[in-house]
Amino acid sequence: MERRQRADAVQGDLPWLFRTRPSRADGTAFSVAGIVVVVAFGFLIAKTHVMTHLDLQGVKALNALHTGVLGALGSVVYRLFSPVEAVALTVLIVVIIWVVSKNVRLAATFAFTVAVTWVSSDVVKLLVHRSRPDATAFPHHLAQRVVDPSYPSGHMVFVSTLALTLFFLARGTRSHILVAVAGAVVTVIVGACLIADGVHYPTDVIASAVWAAAVTPLVLGLSNRHLLPRTYLLPSSVETLV
C-alpha cells in the first residue's frame, strides 16, 4: 500500500501525456476494435458501388458550397495540412513544447505519437486502395490534381491525431477544455472542407477520425509503457506500474 501511494504521488507530478498507458484491457480492446472496423469497412466500401454512390451524393452537396470565400477556405485547408506543411507544423509544435516545458522527452513523445498514428494510416490507404471521388460528377475542383488512394484521408488523420495529442498534453491544466473545443471545431471544419473540395468521400473522413481516436491512445500508451521507462528516470515504484 505504501509503495502504491509513493508511486501515485510521483506519477501525479508527471505531465498527463506521460500518464496515458494501455493498463486497462477495455482501452486496448477499443483501439484494436477501431483498427479492425476501419480496415474492414474500407475493403467493404471500396468494393460496394451502392455505398460509393451514396457517398458521392454527400460530396456533391458540400461541393456546391465550394465557391467564393468558402471555396478559398477549402483550398487553403487542403494545402495547409498537406504532408510537407503538416510535418513543418508538427516540428514547430514540438519545438514549442520543448522550449516551454524544457522536457525533451515530452516533446519527443508528442512527435512520436503524431508520426506513428499518421504514417500508419498510409498502410490502410495502400491496402484498401479506394479511388478518389469522380471529379466529373461535381462542378468545383481543387487546382491541384490528387491521384493517391482516398481511404482513409491522411489530412484528416493528421488533424484528428494532432487535436487528440494536444488534448492529452493539455489535460490537468486550465486550458484543457479550450484545447478540446478548439481541436473538435478545427477537426470538423477540416473534414467538411475535404469533402467540399471533392477530394474525399464522407466515409473517408469519418473513418479517418475513428482511426485517430483508436490508434492515438494506443501508440501513446505503448510508448509510455515500453519506451518512456527506458529514457525517463522514474523511481522503481512507478516503473513497476507502467
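## Helices H6 and H8

Helix H6 (residues 83-101) and H8 have axes that come within 12 Å and cross at roughly 5°, so the two helices are roughly parallel to each other (under 35 degrees). Helices here are DSSP runs of H or I with at least four residues, numbered from the N terminus. Axes are lines fitted to C-alpha atoms over the stretch in contact, and angles run from 0 to 180 degrees between N-to-C directions.

On the H6 side, the contact (heavy atoms within 4.5 Å) is made by Ala86, Leu89, Thr90, Ile93 and Ile97, and on the H8 side by Phe158, Leu162, Leu166 and Leu169. These residues divide into 8 nonpolar, 1 polar and no charged; Ala, Val, Leu, Ile, Met, Phe, Trp, Tyr, Cys and Pro count as nonpolar, Asp, Glu, Lys and Arg as charged, and the others, Gly among them, as polar.

## About the model

This is a predicted model, where local features need pLDDT of at least 70, side-chain atom pairs count only at pLDDT 80 or more, and totals for chains, interfaces and linings use all residues. Residues are numbered from 1 along each chain as its sequence is written, and side-chain values use heavy atoms, leaving out hydrogens and water.

## Helices H8 and H9

H8 also packs with helix H9 (residues 176-196), at an angle of about 175° and with the axes 9 Å apart. This pair is therefore roughly antiparallel (over 145 degrees). Among the contact residues are His155, Met156 and Val159 of H8, and Val179, Ala180 and Gly183 of H9. By class, the contact has 11 nonpolar, 6 polar and no charged residues.

Key:
Parallel < 35°, antiparallel > 145°, perpendicular 65-115°, else oblique.
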